[in-house]
Amino acid sequence: QENQAFQAARAKIKGNKAAEQMVTDFHKKQLELQSMSLQGKEPSAEQKEALERLYSVIQTDPDVREYLMAEQRLALLLQDINKIIADAIDADLSLM
């Protein structure tokens, strides 16, 4: 169900260059900040605020908002599945 919702939301923005660019830009900025954090560097307040502003702006497009929400729900489902599998095989994923 989550995958179907994600695929439907993705289909809505596919071909809409503005929506695709908004999502791409948001993901790029988000990845930059996550990468900094993983390297032990704290993103500046300005960088965090810029990401929050970008998120606020893209939320005004209903199709982009729907896509991002569906993407987040699918990611959470996949995390849960990964945890269930790891628990079933007794894998220690604490470093992931």
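The largest pocket is lined by F26, H27, Q30, Q34, Y55, L68, M69, E71, Q72, A75 and L76. Keep in mind that this is a predicted model.

**The largest pocket**

- The volume of the largest pocket is about 340 Å³.
- Which helix gives the most to the lining of this pocket? Helix 4 does, with six residues.
- Helix 2 and helix 4 (62–88) each supply at least two residues of the lining.
- Sorted by class, the lining holds six nonpolar, four polar and one charged residues.

**How helix 2 and helix 3 cross**

- Two packed helices are described by the angle between their axes and the distance between the axes.
- Helix 2 spans residues 17–38 and helix 3 spans residues 45–58, and their axes come within 10 Å.
- The two axes cross at roughly 155°, and angles over 145 degrees count as roughly antiparallel, so helix 2 and helix 3 are roughly antiparallel to each other.
- The crossing of helix 2 and helix 3 is left-handed.

**Who makes the contact**

- On the helix 2 side, the contact is made by M22, D25, F26, K29, Q30, L33 and M36.
- On the helix 3 side, the contact is made by Q47, K48, L51, L54, Y55 and I58.
- These contact residues divide into eight nonpolar, two polar and three charged.

**Linking the two topics**

- F26, Q30 and Y55 take part in the contact between helix 2 and helix 3, and F26, Q30 and Y55 also line the largest pocket.

Technical notes:
Residues are numbered from 1 along each chain as its sequence is written. This is a predicted model: local features need pLDDT of at least 70, side-chain atom pairs count only at pLDDT 80 or more; totals for chains, interfaces and linings use all residues. Side-chain values use heavy atoms; hydrogens and water are left out. Axes are lines fitted to C-alpha atoms, for helices over the stretch in contact, and angles run from 0 to 180 degrees between N-to-C directions. Helices (H or I, at least four residues) and strands (E, at least two) are DSSP runs, numbered from the N terminus. Angles under 35 degrees count as roughly parallel, over 145 as roughly antiparallel, 65 to 115 as roughly perpendicular and the rest as oblique. A crossing is left-handed if the near helix is turned anticlockwise from the far one by less than a right angle, and right-handed if clockwise. Contact means heavy atoms within 4.5 Å. Ala, Val, Leu, Ile, Met, Phe, Trp, Tyr, Cys and Pro count as nonpolar, Asp, Glu, Lys and Arg as charged, and the others, Gly among them, as polar. On a 1 Å grid over the protein atoms alone, a cavity is a set of points where a 1.4 Å probe fits but cannot get out, and a pocket is an open set with protein on both sides within 12 Å along at least five of seven lines; lining residues have an atom within 4 Å of a point. Grid points are joined across faces, edges and corners, and a volume is the space filled by probe spheres set on the points.
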